[in-house]
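Look at the model below, and then follow the paragraphs after it from one part of the chain to the next.

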Amino acid sequence: MVDLAHSYNVNRSTISMILKNKDKIMEHLKSAVPMMLTRILKKRGKVMEEMEKLLSVWMQDQPQRRILLSLLLIQEKAKSLYEGLKKKHGGESEGASFNASHGWFHWFKAKANLHSVKVSGKAASSDTVADREFPEML
């Protein structure tokens, strides 16, 4: 047990516990489904891919328009883009449904490499009327 503990860099008590419960562990392993088989992958359609590209472009444009983005706003825009593209592509997207869930957004955010950006300080409290009038006055 000491040699095993050294070779696997664990405590001797861990090796002892594993050997003591060997039968239970083996029984559990036989009944368990491999992790690779439990993962369900969905094939992403053209409509979904195009919607996500358009959504990324839309999201990048919003700070220039001084529109603050929220999860609800992004989800609503994603749904409307998806429905518009679904109608445009017609038959190829029949039966597909999309609800812009929190899980989808989490995945989309990671894939698109998005992160939260908070506007604070002077930028958040700027006078928009003065911002519009200043170029003419200058």
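Predicted model: local features only at pLDDT ≥ 70, side-chain atom pairs only at ≥ 80, totals over all residues.

Just after helix α7, residue N113 has a positive phi of about 55°. With a relative accessibility of 71%, N9 counts as exposed, because the cut-off for exposed is over 50%. A100 is also not a glycine, and its phi is positive at about 50°. The loop that holds A100 runs between α6 and α7. A100 has a relative accessible area of 2% and is therefore buried, the limit being under 20%.

The overall plan comes next. The secondary structure of the protein consists of 8 helices and 0 strands. Read from the N terminus, the order of elements is α-α-α-α-α-α-α-α. The protein has 138 residues, and 16% of them are buried. Its exposed surface comes to about 11900 Å², of which carbon and sulfur atoms supply 57%. Taking the contacts between residues at least 6 apart in sequence, 56% join residues at least 24 apart.

Mean pLDDT for the protein is 77, and 73% of the residues reach 70 or more. Confidence is highest in helix α2 (residues 12-20), with a mean of 91, and lowest in helix α4 (residues 35-38), with a mean of 50. Over residues 117-124 the pLDDT falls below 50, and this stretch has 1 contact in the model beyond near neighbours in sequence.

The largest nonpolar core contains 16 residues, and M51, L55, A78, F98 and W104 have the most contacts inside it. Helices α5 (46-61), α6 (71-89) and α7 (102-111) each supply at least two of the core residues. The largest share, 6 residues, comes from α5. Which residues does A78 touch, not counting those up to four places away in sequence? They are M51, L55, F98, A100 and W104.

The charged side chains are the last topic. Side chains of opposite charge can pair when their charged atoms come close. The structure holds 4 salt bridges. One of them joins the side chains of E50 and K88, with N to O at 3.8 Å. This pair links distant parts of the chain, as E50 belongs to helix α5 and K88 to helix α6, 38 residues apart. E50 has a relative accessibility of 26% and counts as partly exposed. K88, at 61%, counts as exposed.

Another salt bridge is formed by D61 and R65, whose closest N and O atoms are 2.6 Å apart. D61 is partly exposed, with a relative accessible area of 24%, while R65 counts as exposed at 57% relative accessibility.

E76 and K79 form a salt bridge too, and their closest N and O atoms are 3.7 Å apart. Both residues lie in helix α6, 3 residues apart, which is about one turn of the helix. An α-helix has 3.6 residues a turn, so residues three or four places apart point the same way. E76 counts as partly exposed at 43% relative accessibility, and K79 is partly exposed with a relative accessible area of 32%.

Terms used: Residues numbered from 1 in each chain as written. Heavy atoms only, no water. Core = buried A, V, L, I, M, F, W, Y, C linked by side-chain atoms within 4.5 Å. Buried < 20%, exposed > 50% of the residue type's maximum accessible area, 1.4 Å probe, protein only. Helix = DSSP H or I, 4+ residues; strand = E, 2+ residues; numbered from the N terminus. Contact = heavy atoms within 4.5 Å. pLDDT = per-residue confidence, 0-100. Areas by Shrake-Rupley, 256 points an atom, 1.4 Å probe, with all protein chains shown as cover.
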